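Please open the structure in a viewer and keep the selection tool at hand.

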Amino acid sequence: MSLSVPVPEYDAVVADNTVLRERTAALTCELQSAQRQLEATQQQLDWFKRQLFGSTSEKRTEIDPAIQASLLTGLIEDAPAPPETETVEITRAKKTRDGAVNDTGLRFDETVPVRVIDVPVPDDLAGGEVIATHSTFRLAQRRASYEVLEYRCPVIKLLDSGKPQTTPVPGSIFTGSLADVSFLAGLLVDKFCFHLPLYRQHQRLAAGGITLARATLTQLVGRTAALLAPIHLAQLEHVLTSRVLAMDETPIKAGHKTKGKLESGYFWPLYGDADEISFTFSPSRGRAHIEDTLAEHFTGTLVTDGYAAYGRYADARPGVTHAQCWAHTRRGFERALDSDPQAQHALALIGDLYKAEAAIREKQREGPDKQAARTRHCEPVIRAFWRWCDTQCQRLDLEPKHPLAKAIAYALERQAALEVFLADPDVPIDTNHLERGLRPIPMGRRNWLFCWSEVGAEHVGIIQSLISTCRLHGVDPYTYLVDVLQRVGLHPAKRVAELTPRLWKDHFADQPLRSDIDRVGNNVGE
């Protein structure tokens, strides 16, 4: 007797296997997608950790390749014995600077006020003869140093009419204002140079015994910025005449959006070839602001980061050459270093490029000599860099979303713009000089946080432009502002450019106008 066992139909088995393979393939795709997403998230996390806890410098520490290879395995084998050392004593003469350094090492110049305290002779030495004095210096500090200027104006009885008449009060920057020019200058320097918000200055005034409304401080800053606006405009016009112009953008919260929220705006700093920096403000990051600012005024080389709006503007302007920044290109490879050690080779080549540029700068080469040195030393490095990028593009394991692939794509897309500096000795290799110049904006943003209105943001741009340019030209911002605030209302409008820090240094720095608080004597005019 034969036993029959039911066998599934062949087509049903094939169908089940097909479904199983499709589900397996779908799950594999989902797993690979999740792994890629996890890697991208991990890379973002590593980047944020570097921003919070990593070194703020982009310089890389040079490590011996042999030691580096041994560190990767966790062992250092056959390390050479340290060479024998010999102790050598070196004696250096103590430097003195015209008596400015004393036995405690305190250094100060002639502008620092010194209060002399005569030490009495002790009783056990009272019978001796004083033959000299020995000075010891100590650094002291007063609490927030504010003073009130009291102008005592004589009241005169006229002889012919017998009527009393009061002597006019010396003029102030703003009619009827309670603020001396020294207070206005100090207010701006504290806020924009030392990043001390107005509410903290208000607290310091209160601690010093002075009662003043915070709204008054805000109004004084706004009125002073409006007074300085023509000087900023004159400086911006001169910046736009530069043959090589660097431009960037940095975000800022400015203007009321909804309850509890502020609008996002942008400062657009421009760095000219005469070491002047001007901050313009726009509520957007669009290309329209670039066109409105540069308009028909600028022709030359525009040096920027990789933001596409600059490239589109330059492409539409025949008289503008677009150069880009090697420092921004390098950052992509630095971020890819954790994902692929091959990025180290790109960093090494870019490091060689910067070393060559540093040597050229150290020898103070200019003009054709500088261009020839770049051709001889920088161009071979760049050619090797592009060859390496092309080789990496042939790798089958390098996916388009991989950090190294992104860094290579970023560089290759900007190859022509990155090579502009080779043909023009006046074009810098990067925009680091501009980033150093705009640093007060993010530093201030950490303190005063935002601008309540777009007008306030424009005022920040005006004042920060002049103060930052003062720093670039070695001009004391306080002395400059005290002089210019008194001079701007009397200076001819057609010569307002003379009040920009670059020209002020030559015209007025030797004999600047002073505040009444800085004048010698107790009476005004002495």
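Begin with the cysteines: with a disulfide taken as two cysteine sulfur atoms within 2.5 Å, the count in this predicted model comes to zero. Two cysteines may be selected in turn. Cys29 is partly exposed, at 48% relative accessibility. Cys325, by contrast, is buried, with a relative accessible area of 1%.

Next, select residues 277–282, which form strand β6. How many of its six residues are buried? The strand is mostly covered, and six of the six are buried. In a regular strand, side chains alternate between the two faces of the sheet. Colour Ile277, Phe279 and Phe281 as one side of β6, and Ser278, Thr280 and Ser282 as the other; both faces are covered, and these residues are all buried.

Then move to the hairpin of β5 and β6, where five residues lie between the strands. Within this hairpin, Asp275 adopts a positive phi near 60°.

The remaining stops concern charged side chains. Side chains of opposite charge can pair when their charged atoms come close. Across the whole structure, 17 salt bridges are found.

Select Arg204 and Asp190, whose side chains meet in a salt bridge at 2.5 Å, N to O. This pair links distant parts of the chain: Arg204 belongs to helix α4 (residues 198–207) and Asp190 to helix α3 (residues 181–193), with the two residues 14 apart.

Proceed to helix α6, residues 287–294, and select Glu291 and Arg287. These residues lie four apart, about one turn of the helix, and their side chains meet in a salt bridge at 2.7 Å, N to O. Glu291 is partly exposed at 31% relative accessibility, and Arg287 is likewise partly exposed, at 28%.

For another pair, select Arg152 and Glu150, which form a salt bridge with the closest N and O atoms 3.2 Å apart. Both of these residues are exposed.

Finally, select Arg243, Asp424 and Asp426 together; a network of salt bridges links these three residues.

How values were computed:
Residues numbered from 1 in each chain as written. Predicted model: local features only at pLDDT ≥ 70, side-chain atom pairs only at ≥ 80, totals over all residues. Heavy atoms only, no water. Buried < 20%, exposed > 50% of the residue type's maximum accessible area, 1.4 Å probe, protein only. Pairing = 2+ DSSP bridges. Salt bridge = Lys/Arg side-chain N within 4 Å of Asp/Glu carboxyl O.
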